[in-house]
There are 2 protein chains.
Amino acid sequence: MPELPTDRIEQFLREHPGLPTPFLVIDLDVVAERYRMLCEALPRAAVYYAVKANPDPAVVRLLVDLRCDFDVASPAEVELCLDHGARADQLSYGNTVKKEADILRAAGRGVTTFALDCAQELHKLIRSAPGSVAMVRLAVDGAGADWPLSRKFGCGPQDALTLLRSAAAARHPVGIGFQVGSQQHDPDAWDAPLAQVAVLAEALAADGVRLTAVNLGGGLPSLHADPTPGLDRFLVGDAGLLRAEVVLTSRRDSDPGRRWVYLDVGMFSGLVETAEEAIRYRIRVPRRHGPTEPAVLAGPTCDSLDVLYERRPYPLPVDLRAGDRVDLLSTGAYTTSYSSVGFNGFEPLRAYHLPPSSPSPIGTGTIESLATSALTDGAAAPGS
Amino acid sequence: MPELPTDRIEQFLREHPGLPTPFLVIDLDVVAERYRMLCEALPRAAVYYAVKANPDPAVVRLLVDLRCDFDVASPAEVELCLDHGARADQLSYGNTVKKEADILRAAGRGVTTFALDCAQELHKLIRSAPGSVAMVRLAVDGAGADWPLSRKFGCGPQDALTLLRSAAAARHPVGIGFQVGSQQHDPDAWDAPLAQVAVLAEALAADGVRLTAVNLGGGLPSLHADPTPGLDRFLVGDAGLLRAEVVLTSRRDSDPGRRWVYLDVGMFSGLVETAEEAIRYRIRVPRRHGPTEPAVLAGPTCDSLDVLYERRPYPLPVDLRAGDRVDLLSTGAYTTSYSSVGFNGFEPLRAYHLPPSSPSPIGTGTIESLATSALTDGAAAPGS
């Protein structure tokens, strides 16, 4: 596995020293390599790329070429994948909250797998996508994840069994999915929901119903500042580097003893995952190598929400100055797609893609410690 | 003052029953009327519209026609105002965090007023906008506001005095600004910072320096669900209605006893101000008039952050169903501008503008209880 950021990204940065910031660079070779590694580590699973993580056409096209499957959340994401060469049977509509018109539209385009977690959604499926695979989503408590997903989605095992039986009775193939949370640090987090799946599968088998798929969700952590044990892989996250610029550093008597550093990127231009300081990106400052001291880190807008790290200030060089370039690492996922349309007049985050090396875009990386339960954030991996 | 939503908005909704949701409708007559009312209530003040609240060209053009001034936060907002007929001397660059290149660019376009709160920013002004009005921003604790703005911006009176003296010594006219927070409910909130301004003005007078402007900030609350005493006006907020659709209602055994209602609009398509449940929009359901019960309200994306009201569930009709239309009131400010570029493939919030009535776009509203300290969110009002 090449070191990150890759030589190709470093070269891009060297060759474009004056490129206006902020911008993201994605090395598509990393995406290809990670995909290959996942496939090798999970030979019985299909890898579904969660398009919302980075819906850039270059990423989608690469993954189509590599025969990846796709987890989509809306009609626009369905169209995006189909437009770039995916087949409809490679798509899983993973959003449990869908307008019936959108189900009908997706089914009309050939999509055959839909997630759900309640009876109302199942009724929509029965009416508008008859015969499709009904993937029932289990609620998981998300403990151990930086970003738990516990309340909004999923049902308990009791409801799940009722839904699975109703779906099967209406001649829908059935599957079960769950999501252990984004940036999951605990490799055992998959065990409890898998045990629930086993119990449900057994109950269904007694009715003569067989599960067609188990969606293991995403959640594999990217390489952020908090050390993650073992599962340090990611499909698109580690492929990206976000270059920003320091706009201002200040100390003010209204906040005594604290240094504030304002970047030209923030909550409204892609760094939404710093909300509640959950994701702590690694940051490097290319030209300042002296001692560091803590700084509160904030974005450039007039909005008080636009603060990245305040509760746990970030160690940054003492001599950091306005105009210095700053790199946020492993930022290829959940950044460009979160950008606002232009809050405060700041434009959405630009992205540059380093094209896959040809003829073989896939590197020679080998699997070292990737456990069989290791999946990737920005990817969902249904498998039997 | 006409009732809200206005008859024109109601008529638009009646005439377009099948318009795809979510969308925002803005009645520009309300904006014009509110502007006139503010001017009457604050005859010695100039009203500065904070463009970030709603940067739609239709809004900017109307306010240019009415001779409103503008608070801008970025080069793009400078250009937007100039492109729609504003003169550069009507603009105040209110963001205390600016790249020096952006100051230079704005100064080159004729902008002559810039906010700051620290020495580094003053040095940029001295170098790149010599002779411009230096508006020093005081930190205010924001108590009483739904959305305090206390930490990110502003300095204390000690730093302020040093900055004002340095700016005056460098031949910059000087002013002082502050911001009592968004949705400020306490009409006395302006008193303490104004007292600080008076002390600073006296100290400067002893040096022979006169304040050219005091920026009283915004913060006037819009008509949201929590009752606001007296200061119930707003420039663009109350002019807008956001129509959404129920995508799903569910009860799940993973969250026993609670009803979840999912709308087709959420945190990533314009409702960022519900973050931490700070702003509680009034909601009406046009066709359901029976009893209500609480519901957790969430947006349509696969993101667990996309929940609007969970700590304090919202009373909604018991018989609410997928497909029902739901209107969020007083949503004309800080909605479209916050939309993501398309997270989860959901497009940015669309907006429709009901054009100003001609020949006189301004209604016959009279001022009843608008105190002299009453300013508007989405507006900053410098005055002597």
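**Helix α5, chain B.** I began with helix α5 (residues 100–108) of chain B, where B:D102, B:I103 and B:A106 are buried. Buried here means 20 or more other C-beta atoms within 10 Å of the residue's own, against 12 or fewer for exposed and partly exposed in between, with C-beta atoms placed from the backbone. Looking down the axis of α5(B), I found its buried residues within an arc of 100 degrees, so they line one face of the helix; the arc is that of the directions from the helix axis to the C-beta atoms. The cover over these buried residues includes α4 (75–83), β4 (91–93), β5 (113–116) and α6 (119–128) of chain B. Just past α5(B), B:G110 has a positive phi of about 105 degrees.

**Ground rules.** I am working from a predicted model, in which local features need pLDDT of at least 70, side-chain atom pairs count only at pLDDT 80 or more, and totals for chains, interfaces and linings use all residues. Residues are numbered from 1 along each chain as its sequence is written, while chains are lettered from A and ligands numbered from 1 in the order in which they are written. Helices (H or I, at least four residues) and strands (E, at least two) are DSSP runs, numbered from the N terminus.

**Strand β3, chain A.** Next I checked β3 (residues 69–72) of chain A: A:D69 and A:D71 point one way, A:F70 and A:V72 the other, and all are buried. Strand β2 (residues 48–50) of chain A runs parallel to β3(A), joined by three bridges; strands pair if DSSP finds at least two bridges between them. A:Y49 has A:F70 as its bridge partner in β3(A). From β2(A) the chain goes through helix α3 (residues 57–65) to β3(A), a right-handed β-α-β crossover. Right-handed means that, with the strands pointing away from the viewer, the path from the first strand over the helix to the second runs clockwise.

β3(A) also pairs in parallel with β4 (residues 91–93) of chain A over three bridges, and A:V72 stands opposite A:Y93 there.

**B:S92.** This one sits in strand β4 of chain B. Why does B:S92 count as buried? Because it has 25 C-beta neighbours inside 10 Å.

**Two copies.** I superposed chain B on chain A with a rotation of 180 degrees and 0.0 Å of shift along its axis (RMSD 0.0 Å), by least squares on C-alpha atoms of residues with pLDDT of at least 70 in both. The copies are thus related as by a two-fold rotation axis.

How values were computed: Two residues are in contact if their C-beta atoms, placed from the backbone, lie within 7 Å.
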